[in-house]
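Thank you for making the time this morning. I would like to walk you through one structure, taking its helices, its packing and a few side-chain pairs in turn.

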Amino acid sequence: MFRRIAFNLDLGVAGIALAVVVASVSWGVATRYIFSQPATWTTELSSVAFAWVVFFGASAAMRRGLHIGIPILVDTLPAPVRKAATALAIMLVAGFLAYATYLAGLLALQSFNRPSPVLRISFAYVYGGVALALLLTTAHAALQFLRVFKSRDGTICYFPEEAREGE
């Protein structure tokens with residue numbers, strides 16, 4: 001049970017953050033046009049939640065292999081070369097993600113005493129969430145790298161249950 005929750009952490013956080021965005025923006029519209037007393041905090045909250053939606057959603061997409069790719073050239077290569085090319089591409093992505101995680105972590109630590117203008121919450125929560133999401137995305141890329149080496153031809157099966165259906 002814990003493993004399943006931990007495995008779907010990124011998707012759960014992205015879903016909750018999306019609900020916060022929708023609720024915050026809806027409340028902002030209602031207070032502005034129905035009650036004529038605009039709530040000033042809704043813009044800031046929706047911006048923070050939207051950043052979390054983007055980065056935690058990207059992590060969930062990385063885990064499921066849903067990021068865009070154009071494998072036309074790679075698919076025509078012989079299996080050993082395809083495997084090496086796929087591994088190299090994933091290593092480059094993982095390296096970039098690891099560096100972005102490092103930078104986001106530094107930014108979170110540096111902004112710990114900096115409060116947001118309206119909500120007065122520490123910006124460390126904003127940037128810390130981004131750093132955590134990038135860390136999860138990096139971990140998913142590392143797992144993809146391992147999947148490439150377990151495969152015979154360099155292709156990655158993201159949904160093993162679908163692969164079994166064809167047998």
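Let me start with helix α5, which in this predicted model has 32 residues and spans 46 Å from its first C-alpha to its last, close to the 46 Å expected at 1.5 Å a residue. The helix covers residues 79-110, and its buried residues include Arg82, Lys83, Thr86 and Ile90, along with Ala94, Leu97, Ala100 and Ala104. Which helices do the buried residues of α5 pack against? They pack against α3, against α4, which is residues 72-75, and against α6. Gln110, which lies in α5, counts as exposed because its relative accessibility is 64%, where the cut-off for exposed is over 50%.

In soluble globular proteins, nonpolar side chains tend to be buried together. Here the largest nonpolar core has nine residues in all, namely Met62, Ala94, Leu97, Ala100, Ala104, Val130, Ala131, Leu134 and Ala141, and α5 and α6 each supply at least two residues of it. Another core, of five residues, lies apart from that one, and among its members are Val13, Ala14, Phe56 and Leu136.

Next, the charged pairs. How many salt bridges does a search of the whole structure find? The search finds one, and it is formed by Asp10 and Arg63, whose closest N and O atoms are 2.7 Å apart. Asp10 lies in helix α2, residues 9-33, and Arg63 in helix α3, residues 41-64, so the pair ties together parts that are 53 residues apart in sequence. Are these two residues buried or exposed? Both Asp10 and Arg63 are buried, and for Asp10 the relative accessible area is 1%. Leaving aside residues up to four places away in sequence, Asp10 touches Phe56, Ser59, Ala60, Arg63, Leu136 and His140.

I will turn now to the aromatic residues, for which the search of the whole structure finds five pairs. One of them joins Phe123 and Tyr127, and because the ring centres are 5.8 Å apart and the planes are at 20°, this pair is stacked. Both residues lie in helix α6, residues 123-150, and they are four residues apart, about one turn of the helix. Phe123 counts as buried at 15% relative accessibility, whereas Tyr127 is partly exposed, with a relative accessible area of 21%. What sits over the ring of Phe123? The charged end of Arg114 does, 4.2 Å from the centre of the ring.

Finally, a word on Trp41, which has its place in helix α3 and is partly exposed, with a relative accessible area of 34%. Not counting residues up to four places away in sequence, Trp41 touches Ser24, Trp27, Val118 and Leu119. Trp41 and Phe7 are 34 residues apart in sequence, and from C-alpha to C-alpha they are 32 Å apart in space.

Notes. Residues numbered from 1 in each chain as written. Predicted model: local features only at pLDDT ≥ 70, side-chain atom pairs only at ≥ 80, totals over all residues. Heavy atoms only, no water. Salt bridge = Lys/Arg side-chain N within 4 Å of Asp/Glu carboxyl O. Buried < 20%, exposed > 50% of the residue type's maximum accessible area, 1.4 Å probe, protein only. Contact = heavy atoms within 4.5 Å. Phe/Tyr/Trp six-rings, centres within 6.5 Å; stacked < 30°, edge-to-face > 60°. Lys NZ or Arg CZ within 6 Å of the ring centre and 35° of its normal. Core = buried A, V, L, I, M, F, W, Y, C linked by side-chain atoms within 4.5 Å. Expected span 1.5 Å × (residues − 1).
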